[in-house]
Amino acid sequence: MKALIYDGPEVLRYGDAPDPVAKNGEQLIRIEAVGICGSDMHAYLGHDARRPAPLILGHEAAGVIVGGKQDGTRVTINPLVTCGDCEACVSGQTNLCPKREIISMPPREGGFSQMVTMPHGNLVEVPDDVSFAQASLAEPISCGWHTARLCRRAVPRGRTALVIGGGAVGLGAALSLAAQGVLDVKIIEPNTMRADYLRDVCGQNVLSPDDLAEGGTFDIVIDGVGYAATRATASAQVKAGGVIGHIGLGEDSGGLDVRRMTLQEITFIGTYTYTAQDFRDTAAAMFDGRLGDLKWTETRSLSQGAQAFADIRGGVVAAPKIVFLPQDG
């Protein structure tokens, strides 16, 4: 099969890779669409020791089951494989399974390829009227759905929210907050080209950092970026008694105003991926239209992968998500 292979910092090679072989309980899936995640970019830049080269990256995938009784079934993939037996899995917190694995991280190769294998329980069937590019958004949107759900549980009265970062995770969080009942949701996006796209194509209320008022004004703040500067913004913008939901993994430390958070009883929630139920709930919300038309991707062939990563790094991509179509080369 053809794959986009990470060979080292800022080096991606489009070439041949061994065809995967499904084990017992697994399905072979022909990948029709797979998105670039921020974590793929971290690996590409050499900033993720969990993803050593050479490796096939990519975990935001959708495609078609090949072979067996479900041959031809259209599916989107929950890339997080868990044991199913530990305390976290039994309690429904599958994302906290100590034995969890995710495609795009050893020992599992990722979805920047024409084929991948996954356990049957990690697959959600996709309706015929949903494109594969749209279906591949289930993974990044699930991250926002999970964080929105936890924030709503922490502050049930929350009616205003600020999302920091207008990429797919941030936009997914904004859409999820609205779908879960938050009435006033705003996104901060400093890239003017991306901000215009979010307004014009996605219908979002977008602010620049300079538009923010002083003092905490939001019940919920979700940081989809995760740098010291964005955590400082989150600390300043959340109301007393509010909640910060932290998704981004930009850098490890700095930014939080712990004194203010203590004196104002502000809750901080670190969130990692999503539970299996969150993934299914997100897919259901996508398929029934609660998250909009999901037509905010830019598609490219997998052979154009190196240029796509360079374009994202250069800040010249307006769409929140680039999606590869591996079967197109």
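In strand 13, Val 206 is the bridge partner of Ile 187. Strand 12 (residues 184-188) and strand 13 run parallel and are joined by 2 bridges; two strands pair if DSSP finds at least two bridges between them. Helices (H or I, at least four residues) and strands (E, at least two) are DSSP runs, numbered from the N terminus.

This is a predicted model, in which local features need pLDDT of at least 70 and side-chain atom pairs count only at pLDDT 80 or more, while totals for chains, interfaces and linings use all residues. Residues are numbered from 1 along each chain as its sequence is written, and side-chain values use heavy atoms, with hydrogens and water left out.

Another open sheet has 3 strands in the order 2-1-4, and its pairing is antiparallel. Its edge strands, strand 2 (11-16) and strand 4 (55-56), each pair on one side only. Strand 1 (residues 2-8) runs antiparallel to strand 4 and is joined to it by 2 bridges. Within this sheet, Ile 5 stands opposite Ile 56 in strand 4.

**Overall form**

The protein has 10 helices and 18 strands. A compact globule of 329 residues would have a radius of gyration near 20 Å, and the protein, with 19 Å, agrees with this. The radius of gyration is taken over C-alpha atoms, and the globule rule is 2.2 Å times the number of residues to the power 0.38. Along the principal axes, the C-alpha atoms fill a box of roughly 55 × 45 × 40 Å.

Of the 329 residues, 55% count as buried, where buried means under 20% relative accessible area, exposed over 50%, and partly exposed in between (1.4 Å probe, protein chains only). Among contacts (heavy atoms within 4.5 Å) between residues at least 6 apart in sequence, 69% join residues at least 24 apart.

The protein exposes about 13900 Å², and carbon and sulfur atoms supply 50% of this area; accessible areas come from the Shrake-Rupley method with a 1.4 Å probe. There are 29 positive and 38 negative side chains, with the centres of the two sets 4 Å apart. Lys and Arg count as positive and Asp and Glu as negative, without His and the chain ends.

**Backbone details in loops**

| Cis peptide bond | Omega |
|---|---|
| Ala 53 and Pro 54 | about -5 degrees |
| Pro 106 and Pro 107 | about 10 degrees |

Pro 54 is found in the loop between helix 1 (38-44) and strand 4. Pro 107 is found in the loop between strand 8 (101-102) and strand 9 (115-119).

The loop between strand 8 and strand 9 also holds Ser 104. Although Ser 104 is not a glycine, its phi is positive, at about 90 degrees. Ser 104 is buried, with a relative accessible area of 0%.

Thr 273, a residue other than glycine, likewise has a positive phi, near 45 degrees. Thr 273 lies in the loop between strand 16 (267-270) and helix 9 (276-287). Thr 273 is buried, and its relative accessible area is 11%.

Technical notes. The place of a charge is taken as NZ of Lys, CZ of Arg, CG of Asp or CD of Glu.
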